[in-house]
Protein chains: 2
Amino acid sequence: MKSLLLIAALGCGLCWGQAPADCKPSALNIPEAKYPCVYPDNRAMFRVVAPDAQKVTVHIGRGFDMTKGADGIWTATTTPLVVGFHYYSLQIDGATVADPSTMTFFGSGWQNSGIEIPESADAEYYHAKDVPHGHVSEQWYLSKITGKWRRCFVYTPPDYETNAKAKFPVLYLLHGWGEDETGWYTQGHVDFIMDNLIAAKKAKPMIIVMDNLNAVKPGESAALFAARGLVPAPGAAPAPQGAAGAQPGRGAGPGGRGMGGFDLSAFTDMMFTDLIPVVERTFRALPGRENRAMAGLSMGGMQTFTTALNNLDKFAYLGGFSGSCGGRGGTFDPKTTCGGAFADPAGFNKKVKVLFLGIGSAEGQGTKGFSDALTQAGIHNVYFESPDTAHEWLTWRRCLNDFAPRLFR
Amino acid sequence: MKSLLLIAALGCGLCWGQAPADCKPSALNIPEAKYPCVYPDNRAMFRVVAPDAQKVTVHIGRGFDMTKGADGIWTATTTPLVVGFHYYSLQIDGATVADPSTMTFFGSGWQNSGIEIPESADAEYYHAKDVPHGHVSEQWYLSKITGKWRRCFVYTPPDYETNAKAKFPVLYLLHGWGEDETGWYTQGHVDFIMDNLIAAKKAKPMIIVMDNLNAVKPGESAALFAARGLVPAPGAAPAPQGAAGAQPGRGAGPGGRGMGGFDLSAFTDMMFTDLIPVVERTFRALPGRENRAMAGLSMGGMQTFTTALNNLDKFAYLGGFSGSCGGRGGTFDPKTTCGGAFADPAGFNKKVKVLFLGIGSAEGQGTKGFSDALTQAGIHNVYFESPDTAHEWLTWRRCLNDFAPRLFR
């Protein structure tokens with residue numbers, strides 16, 4: 001009787017494969033996996049089979065030490081987590097690894113685990129609905145700039161198939177530090193967001209090109225590649241120590257010509273020499289600056305502003321989601337900030353149809369300050385703040401959902 | 001001097017991030033990762049950072065215990081491995097996890113690590129070359145049979161874009177047990193194989209649909225889903241114990257109507273009710289049995305024969321790669337084997353334009369025996385044997401490379 005009570009007191013968290021009734025499996029788990037699961041108050045419960053380990057920790061923003069229970073199963077329940085997509089990792093006796101219970105997601109330079117803390121009512125916009133669906137397709141091309149084969153993913157809207165002669169404007173959309181070309185369609189749900197916006201006639205049908213912002217010219221070293229890494233996203237799982245080059249660094253490499261001292265020129269060169277030509281040759285893309293937009297998140301936002309502000313003859317729409325050329329302190333001076341791109345407000349406003357700055361409310365006031373300074377200097381811009389989210393994919397899904405309807409009007 | 005000699009004797013395997021000069025990083029590593037690496041004689045060296053672990057083992061077909069060196073880094077060098085793609089996993093103090101140094105691949109029901117032991121000269125056929133490239137695109141659809149959103153990947157040939165009015169025949173191509181719809185384009189390189197065959201005019205341009213063979217009707221239990229798992233591929237990394245339902249089982253679930261006692265009917269129903277209609281509605285697919293082929297590997301081969309042999313009004317081409325309705329022992333009797341599908345050789349040969357049976361030479365003689373028995377019974381069939389390969393993706397890449405040129409002639 002006593003042992004029965006003890007088992008009851010321990011709760012079902014220790015039962016084999018049986019999660020507590022109010023703890024729902026994360027949408028990112030492998031098929032049939034019950035853990036990690038999420039409680040109604042957004043606490044998450046993790047479970048790891050590691051019978052001979054001495055110490056197991058789950059790292060999700062911060063570390064939560066796990067407790068070893070019956071059968072060598074370790075569990076931990078977090079404090080309530082912010083809604084949205086989070087990378088996380090396990091540390092098992094000093095080894096940083098992904099949780100084998102989830103699908104994996106490329107972030108911080110390796111295949112992390114992921115967990116989704118569901119949004120409430122307004123989350124419909126990034127889920128599959130019974131509307132016409134576009135396609136995300138893989139496009140390989142040989143880059144003259146890097147000398148290597150590269151891959152991008154391309155979203156084509158539902159109309160692309162049904163209207164075989166129509167041409168479409170193009171948004172070039174970039175991921176952040178440590179991520180790759182899979183980010184926007186896997187973590188970002190770009191396809192469902194666009195399908196839903198287009199079905200509701202909120203956004204114009206468009207092609208979206210999602211490339212890999214890492215571009216290294218022959219002779220550039222991997223160290224330079226690593227140095228481009230900037231600072232990893234807050235809350236991102238650390239790269240495992242075994243991965244050479246995945247450690248973020250600081251400082252400009254040789255030949256750095258980009259803003260902020262980082263060499264972002266290789267991607268810009270690659271984009272104009274390789275990517276845009278292959279897209280416009282392969283897909284039914286409308287040509288010209290008024291049919292081209294560029295946006296990116298975090299480091300991809302920085303890349304966007306570096307590339308596009310210096311090439312406004314090629315782009316009429318710009319978006320920075322939690323990343324741009326400003327908002328990181330310092331005094332705003334239209335003559336010098338962002339390489340002097342805002343020195344002529346009237347000229348700028350004539351050329352740039354949308355300048356979009358998005359941020360999560362938990363990310364601080366820097367981007368708001370940058371937007372205000374731009375407005376004060378007479379530069380038209382859109383400021384979008386995602387409520388209650390941090391430097392992560394839910395902020396960026398919401399940014400895209402707000403940004404895309406403004407394009408190609 | 002002595003310690004210097006000792007360091008020299010230990011070799012560079014223990015140096016931080018510096019692989020021995022003749023050990024080349026696997027093509028499947030995360031960017032910049034030097035390990036695992038492959039020696040010219042096909043031994044592989046693995047390296048794991050796990051400073052506080054007591055025991056670390058790498059499982060690749062069999063287990064290799066790793067040795068702890070300086071800085072808590074564990075290493076192991078295998079015996080020579082068979083060429084091709086191999087899933088593998090690590091065991092760290094009893095926890096089965098993926099190696100954080102590689103990209104991950106869905107097999108055995110979870111995201112394993114992978115390593116590629118390169119083929120020699122003839123491997124060109126599955127690599128990116130400077131030829132026109134088709135697309136692999138993601139297609140979502142809501143299934144009436146399962147009541148859930150499903151995803152398939154669709155290869156469209158280069159001509160699909162350039163010739164906007166042309167229609168194409170369709171090959172439905174399935175993965176194996178524990179894998180998913182990503183297998184053929186990630187592990188299998190279906191896109192490069194087809195691009196190269198089409199550029200060389202060896203294969204006709206075709207659409208290839210890669211779906212997920214797991215289909216569960218509402219009310220069917222996850223246990224049934226697991227019971228469909230058959231036997232995992234030899235050499236496949238075991239599923240982590242934490243993943244409920246990922247354990248393979250045996251035996252037929254309730255309502256099982258498929259060959260061999262397994263219920264393969266849900267996928268067949270789903271294919272005819274949902275998949276084929278959505279493909280023929282969305283893509284420029286040629287209709288009719290002579291424009292439809294079906295093939296699959298391992299359990300996907302078994303599914304192919306179950307589905308297609310019972311529906312020869314819908315398919316004219318069949319392929320089983322290391323899996324079909326025969327070849328697993330027992331006496332061949334045209335009246336009863338494979339549900340009596342071969343009882344009328346003349347009728348069968350008139351309907352089925354290609355019946356293809358592929359196998360790796362290391363997989364035994366069962367498939368050869370089945371092919372010989374079919375031939376003796378008067379059933380035309382093609383037997384293809386991949387030299388020196390086992391039950392893994394290199395066998396199946398070679399099967400596709402041999403099978404695709406035979407289609408739609």
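How many bridges join strand β12 (residues 135-142) of chain A to β12(B), and in which sense do the two strands run? In this predicted model, three bridges join the two strands, which run antiparallel. Helices (H or I, at least four residues) and strands (E, at least two) are DSSP runs numbered from the N terminus, and two strands are taken to pair if DSSP finds at least two bridges between them. Within the β12 pairing, Val136(A) stands opposite Glu138(B).

Because the model is predicted, local features need pLDDT of at least 70 and side-chain atom pairs count only at pLDDT 80 or more, whereas totals for chains, interfaces and linings use all residues; side-chain values use heavy atoms, with hydrogens and water left out. Residues are numbered from 1 along each chain as its sequence is written, and chains are lettered from A and ligands numbered from 1 in the order in which they are written.

The predictor assigns the complex an ipTM of 0.87 and a pTM of 0.88. For chain A, pLDDT (the predictor's confidence in each residue, from 0 to 100) averages 87, and 85% of the residues score at least 70. Contact here means heavy atoms within 4.5 Å.

The interface draws 59 residues from chain B and 58 residues from chain A. The area buried between the chains, defined as the accessible area (1.4 Å probe) that two parts lose on being put together, summed over both, is about 4700 Å², and carbon and sulfur atoms give 62% of this area. On the side of chain B that touches chain A, strand β12 (residues 135-142) of chain B gives the most, with seven residues. The residues of that side divide into 32 nonpolar, 15 polar and 12 charged. In this division, Ala, Val, Leu, Ile, Met, Phe, Trp, Tyr, Cys and Pro count as nonpolar, Asp, Glu, Lys and Arg as charged, and the others, Gly among them, as polar.

Across the interface, 11 residue pairs are in polar contact, both residues being at pLDDT 80 or more. A polar contact is a pair of N or O atoms within 3.5 Å; within protein, one must be able to donate a hydrogen and the other to accept it, and residues adjacent in sequence count only if both atoms are side-chain atoms. By contrast, zero salt bridges are found between chain B and chain A, a salt bridge being a side-chain nitrogen of Lys or Arg within 4 Å of a carboxyl oxygen of Asp or Glu.

Over all chains of the structure, the search finds 28 salt bridges. One of these joins the side chains of Arg398(A) and Glu119(A), at 2.5 Å from N to O. The pair links distant parts of the chain, 279 residues apart: Arg398(A) belongs to helix α10 (residues 393-403) of chain A, and Glu119(A) to the loop between β11 (110-117) and β12 of chain A.

Strands of a sheet pair through backbone hydrogen bonds, either parallel or antiparallel. In chain A, an open sheet of five antiparallel strands has the order β1-β2-β3-β7-β6. β6(A) joins strand β7 (residues 73-77) of chain A over two bridges in the antiparallel sense, and Lys68(A) has Trp74(A) as its bridge partner in β7(A). Chain B likewise contains an open five-stranded sheet, ordered β1-β2-β3-β7-β6 with antiparallel pairing. There, Lys68(B) stands opposite Trp74(B) in β7(B).

Backbone geometry was also examined. The peptide bond from Tyr35(A) to Pro36(A) is cis, with omega near -5 degrees, and Pro36(A) is found in the loop between β1 and β2 (37-38) of chain A. In chain B, a cis peptide bond joins Tyr35(B) and Pro36(B), with omega about -5 degrees; Pro36(B) is located in the loop between β1 and β2 (37-38) of chain B. Ser108(B), a residue other than glycine, has a positive phi near 55 degrees and lies in the loop between β10 (104-107) and β11 (110-117) of chain B.
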